[in-house]
Amino acid sequence: MSSDRLMNAESPGQRVCAADSMAPPSDRLERAYRVYCKRIARCRTVNQLNQVHIALANYMTPEEVRFFDGALARDPVASPDREWVSKMTRFISKRESWAAEFRRKGILKGMTLYTADIGSCAGKTLIIGFTGPFHRLGLPSPLLLGCLNPALYDVVLLRDFSKRFFSKGIPGLGADFFQALPNLKSHVDPTAYRNCIALGASSGGLPAVLAAILLKLNRGVSIGGLDFPRFAAKLRDFGVSDEPYAALLASRPDPFPELLLVFGAGYATDVVAARGLHGRVPSRLLEVKACDDHLVLAWKLLRGRLPKFLSKVLGQSVDTGQRVEESLADASADSADRPLP
Amino acid sequence: MQMTQETTISRSRQAVFEALKIAAPGTFDEALRRAFLAEALNLKLADLHMDSLGEMEFCIAIELSTGVTLLPSELGELSSTDAVEFRIRQALG
C-alpha cells in the first residue's frame, strides 16, 4: 500500500472521508480513529508504521490530531503512535476564540480542500498550496492549518503525484499545468474569495509563482523554490517543453500578483535560486536570517514563530485576516527575518 | 548461480535508485542515472541532504521493493549508497 493512497481522494476510503465531512464531529472523529487503529494493528515493521503516520500527517486536520491525541492518551501503554501524535499536538494550540474547525474534503486525487462550515467565501482568503515532493508544504499539514483561523481561510492543497513539478497537471482537472489550474474553479473558485494566495514550498515553489501569474491571484509565495533554469532543465528531462512556462514567467498581466521569494539565509542552494528568480520576475525577497534549513516553515515552527511568520508571508494576519504588509518592510518586526529590497 | 547473484545485485541497486528518486528527488540527471545503475557511482548519503522525512521515505521504499527492513536510525552507520546496497544484498542472502 502506497502512503499516498492511504487518504487518497479516489480510494474508497477517501470517499468515506468525504462523506464523513458531513457527519457529526464525534462520529466522524471516532470512525477515523477506529480506521487508524485497524491500520496500525496491521503494521509489522517500523517502516510500515512510519508510512501510515506520514500519510496521515499529510492529510489530517488539527481537530483530528487533537482527537487522536486524546484517544491515544487513554492507552495505558506508551507506544510509537502515541509519541507521534503528541509530538504534533504540542505544536497545535486550540484557539478558543476561533469559532470553527477545518474539515477535510477530498475532492480529487491531488486536490484536498480544507474548509470550515462558517462564513462565506467573500469574507475569506483562499490559499492554494503547491506541495513539495512529500505532498506537504514542508511540514505536517495540520501544523500549518493550526495557524490559520478557519473562519477566515480556506486551504486547497495540490499534490503532484507524478513528481513532475505539476507539469502533468492534476488528474481530474487537466493533463498539464495550463489546463489544470484554470479548472480549479470547477471545484473552488478563487474569484469568489476576498483574495487568493498561491503558496508553494520546495519543488512547489516555482509552480506557485507561475500559478499566481496565470490565474492573476493576489499573491504568489515560493518558499525554498527553484530558479527557472533548473526547473526548465528538469521539465526537458521529463520530456516537457519549458517554453510555455518561460513565456508565462516573462508575461506581465494586469493585475500582476505580489510575488515573494522566501529562503533560509544559510541554505546556499535556496539563496542562489531565490536571487536568480528575483532577477527574472518582479518580486520581493524574504531572507530568513540564521535559518540554514530548506524547510523554512518547519524551522519557524520549531522556534514558536510560525503564525507570525506566516502572517508576514501571506501579507495578512493568520488570526484576523488584517493586512500586515508593513511588517515585511520593517526589519524590527522580527529580527530573525530580514526583508531585502 | 552466477545469474542469480547478478539478478540480486541488480535488484538491490535498482531498489536504492528508486528509493533515492522518492527520498531525494533532485539527485539524478540522465548522466548520473546511467552511472549509478552501471555501478560506477557511489553517493555519500550525507551529500544527499535527506531530512528525517526523506530518510523515512527512503527506508519505506527499500522495504516495499525488497522486503528488507532498513531503519532510518541505521542510515547513520551506512555512509553511502554502496553500503546500503551491500546491506540489502546481505539481507537478501
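With which side chain does the side chain of Glu64(A) make a polar contact? In this predicted model, the partner is the side chain of Arg104(A), at 2.7 Å, where a polar contact is a pair of N or O atoms within 3.5 Å; within protein, one must be able to donate a hydrogen and the other to accept it, and residues adjacent in sequence count only if both atoms are side-chain atoms. Glu64(A) belongs to helix H4 of chain A, helices (H or I, at least four residues) and strands (E, at least two) being DSSP runs numbered from the N terminus. With a relative accessibility of 6%, Glu64(A) counts as buried; buried means under 20% relative accessible area, exposed over 50%, and partly exposed in between (1.4 Å probe, protein chains only). When neighbours within four places in sequence are left aside, Glu64(A) is in contact with Leu29(A) and Arg104(A), contact meaning heavy atoms within 4.5 Å.

Because the model is predicted, local features need pLDDT of at least 70 and side-chain atom pairs count only at pLDDT 80 or more, whereas totals for chains, interfaces and linings use all residues. Residues are numbered from 1 along each chain as its sequence is written, chains are lettered from A and ligands numbered from 1 in the order in which they are written, and side-chain values use heavy atoms, with hydrogens and water left out.

The model scores ipTM 0.87 and pTM 0.88. For chain A, the average pLDDT (the predictor's confidence in each residue, from 0 to 100) is 89, and 88% of the residues score at least 70. The pLDDT is under 50 over residues 1-19 of chain A, a stretch with 34 contacts beyond four places in sequence. It is also below 50 over residues 329-333 of chain A, which have 6 contacts beyond near neighbours in sequence. Chain B averages a pLDDT of 88, with 90% of the residues at 70 or above. Within chain B, the lowest confidence is found in H1(B), at a mean of 76, and the highest in helix H3 (residues 52-66), at 96. Where pLDDT is low, the predicted coordinates should not be read in detail.

Over all chains, 17 salt bridges are found, a salt bridge being a side-chain nitrogen of Lys or Arg within 4 Å of a carboxyl oxygen of Asp or Glu. One of them joins Glu63(A) to Arg103(A), with the closest N and O atoms 4.0 Å apart. Since Glu63(A) lies in helix H4 (residues 62-73) of chain A and Arg103(A) in strand E1 (residues 103-108) of chain A, this pair ties together parts that are 40 residues apart in sequence. Both Glu63(A) and Arg103(A) are buried. Arg28(A), Glu63(A), Arg103(A) and Asp117(A) are linked in a network of salt bridges.

A salt bridge is also formed by Arg66(A) and Glu101(A), whose closest N and O atoms are 2.3 Å apart. Arg66(A) lies in helix H4 of chain A and Glu101(A) in the loop between helix H5 (80-89) and E1 of chain A, so the pair ties together parts that are 35 residues apart in sequence. Arg66(A) is partly exposed, at a relative accessible area of 22%.

In chain B, Arg13(B) forms a salt bridge with Asp82(B), the closest N and O atoms being 2.8 Å apart. Arg13(B) is in helix H1 (residues 2-23) of chain B and Asp82(B) in helix H4 (residues 81-92) of chain B, so parts that are 69 residues apart in sequence are tied together. Arg13(B) is buried, at 2% relative accessibility, whereas Asp82(B) is partly exposed, at 34%.

Between them, chain A and chain B bury about 1400 Å², 60% of it on carbon and sulfur atoms; buried area is the accessible area (1.4 Å probe) that two parts lose on being put together, summed over both. Asn47(A), Ile54(A) and Phe134(A) supply 42% of the area that chain A buries against chain B, more than any other three residues. The contact takes 17 residues from chain A and 20 residues from chain B. Across this interface 0 salt bridges are found, while 3 residue pairs are in polar contact (both at pLDDT 80 or more). On the side of chain A that touches chain B, helix H3 (46-59) and helix H9 (228-237) of chain A are the elements that give two or more residues. H3(A) provides the largest share, 6 residues.
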